[in-house]
Amino acid sequence: MKRWLSIFFVGGVIAYRGLFNWIRPAMYIPTMLGSPLFQLIFFTKLGQYAHAESRDFYIVGNSVQVCAMSSVYGMTMSVANERWFGTLGPLLASPANRSAVFLGRGVPVLLNGLFVSAFTFIIGAVLLGFHPGAGSIPPLALIVVVTTASCTCFGMLLGSIGLRAKDFFFVANLAYFLMLLFCGVNIPLNVLPGWMSAIGRCLPLTHGIAAAREVAAGASLSHVSGLVWTEVGVAAAYALAAYVLFRVLERESRRSAVLDTY
Amino acid sequence: MSAARVVWSGFMMNLKMVGTSSFFLLTSVVQPVIFATVAFYMFKSGGRSGTLLYAALGAGMMGVWSTTLFGCGGIIQWQRWQGTLELGVGAPPSMALVYFPFTLANAFTGMYALAATLVWGRVFFGVPLHLVHPWLFVLALPATVISLGLMGLLLASSFILYRYANAMSNLLEYPVWVASGLIFSTSLLPGWSRPISWCLPPYWGILAIRHAALGGEVWGPLGMVVVLGIASLVLSVFTFGIFETRARARATLSLT
């Protein structure tokens with residue numbers, strides 16, 4: 001167990017440092033902070049122009065959703081970039097426990113997603129007048145942690161696909177943009193057609209955003225516990241699916257000798 | 001080799017290259033369609049269904065800008081990665097002339113976005129495609145696209161010295177959508193941002209296109225599109241010269 005935890009935490013951090021060694025402030029700030037900031041302003045103003053929902057609806061929705069910048073892209077790259085950098089072979093030749101190797105990569109990504117989400121909430125408060133009650137902030141923080149974790153598990157699934165797919169960035173980009181449409185980020189689920197809201201309910205973010213909106217409006221954590229537990233369930237389902245897919249694709253790649261090929 | 005031949009060859013070559021790129025497929029077709037759908041539902045839920053053509057045009061122009069931005073941001077960076085930047089800089093034609101057709105092809109590819117959002121809106125949301133001034137629309141669209149291409153050329157020149165051009169591209173996507181009022185009125189923005197909007201070709205471009213489609217004065221915005229396009233061209237010739245010289249002097253042309 002000690003070794004498992006060591007690989008999970010230390011391995012996760014080392015992998016993150018190795019795979020994202022190209023990140024500098026000049027790269028991080030425009031991409032991970034600047035882009036979410038302007039996404040928040042864009043959708044809040046668009047909502048204001050469309051006379052659709054309240055300002056807080058867009059602030060909460062987008063501030064939670066931007067965690068996907070890290071969770072989806074970061075997690076996809078955490079797995080798929082091993083192949084890109086040519087280190088996938090040595091990694092999979094090691095005797096390290098696969099679940100520790102795989103899940104540990106999510107920790108730095110999760111922390112980064114939380115930071116991006118928190119930053120966007122702060123921007124919403126400073127620039128757009130988002131002021132939830134002080135009592136709402138701890139449960140809101142908990143919901144953001146759960147939702148970011150859920151989104152990270154979804155990113156793991158996409159990363160597993162990147163183990164074999166040629167153009168994993170296309171998939172990650174597509175997933176990020178579809179989340180804006182399906183997950184109730186900017187459109188209430190009851191406005192979407194039934195099939196779209198059904199897909200949305202199977203995706204991460206959806207229940208977390210709904211819970212965050214209620215809590216920001218003054219509801220207690222116990223009032224939204226059903227939504228939060230559903231988000232936890234979605235996270236667990238994606239983590240399991242991602243791990244199974246990872247192992248299946250690893251075995252298939254070994255069998256057909258295409259581990260490092262494109 | 002005549003300038004026209006350089007432009008035509010570069011334009012066609014880059015058009016073929018971006019035509020096979022899944023990234024450009026995403027920015028010029030998939031992403032605009034998703035944003036158009038989000039906007040359609042937001043407008044519908046706000047009871048503003050009558051403005052769906054407005055949303056389709058705006059989402060299409062957002063795609064034109066994204067394609068131009070990422071294409072132009074990528075020109076220098078991708079050529080660095082591929083090791084072909086020195087060849088382009090060392091070629092006899094001026095650097096601005098070498099890269100102008102590339103940016104033009106990127107902006108031209110962006111027109112797919114407008115076509116995609118209009119067709120998507122028509123088929124799935126019943127957006128009426130009745131244009132008030134069809135001929136002016138046909139005039140305004142290429143003028144705007146060329147002007148955006150020239151603005152992209154100016155951006156590309158500034159990326160010669162900047163190591164993280166792609167990050168800057170990520171940053172500039174939403175702000176220009178916002179400041180240009182591509183899908184909502186700039187009257188919602190603070191007054192101090194108005195002069196920024198006036199300096200952006202997409203601001204005048206969407207006004208010209210929107211007025212041609214929905215009714216309104218077209219020639220004024222169209223004139224501004226042309227003026228800003230020419231200004232971008234003149235500035236980019238100047239900045240390409242300066243930045244190229246500085247990159248050569250510092251030996252940082254191929255920095256990665």
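In which helix of chain B does Trp65(B) lie? Trp65(B) sits in helix 3, residues 52–82 of chain B. Helices (H or I, at least four residues) and strands (E, at least two) are DSSP runs, numbered from the N terminus. The model is predicted, and local features need pLDDT of at least 70, side-chain atom pairs count only at pLDDT 80 or more, while totals for chains, interfaces and linings use all residues. Residues are numbered from 1 along each chain as its sequence is written, and chains are lettered from A and ligands numbered from 1 in the order in which they are written.

**View 1. The surroundings of Trp65(B).** Is Trp65(B) buried or exposed? Trp65(B) is buried, because 29 other C-beta atoms lie within 10 Å. (Buried means 20 or more other C-beta atoms within 10 Å of the residue's own, exposed means 12 or fewer, and partly exposed is in between; C-beta atoms are placed from the backbone.) Leaving out residues up to four places away in sequence, Trp65(B) touches Leu148(B), Val176(B), Trp177(B) and Pro202(B). Two residues are in contact if their C-beta atoms, placed from the backbone, lie within 7 Å. Look also for Leu150(B): 85 residues from Trp65(B) along the chain, with 12 Å between the two C-alpha atoms.

**View 2. Where chain B meets chain A.** Here 29 residues of chain B are in contact with 31 residues of chain A. On the chain B side, helix 2 (22–45) and helix 7 (165–179) are the elements that give two or more residues. Helix 2 of chain B provides the largest share, 13 residues. By type, this side of chain B has 19 nonpolar, eight polar and two charged residues. (Ala, Val, Leu, Ile, Met, Phe, Trp, Tyr, Cys and Pro count as nonpolar, Asp, Glu, Lys and Arg as charged, and the others, Gly among them, as polar.)

**View 3. The largest nonpolar core.** A nonpolar core is a set of buried Ala, Val, Leu, Ile, Met, Phe, Trp, Tyr and Cys residues joined through C-beta atoms within 7 Å. Of the 167 residues in this one, Val72(A), Ala212(A), Ala39(B) and Ala55(B) touch the most other members. Helix 3 of chain B gives the most to this core, 16 residues.

**View 4. A closer look at Val72(A).** Beyond residues up to four places away in sequence, Val72(A) touches residues including Cys151(A), Phe154(A), Leu158(A) and Tyr176(A). Around this view, chain A has 12 helices and zero strands.
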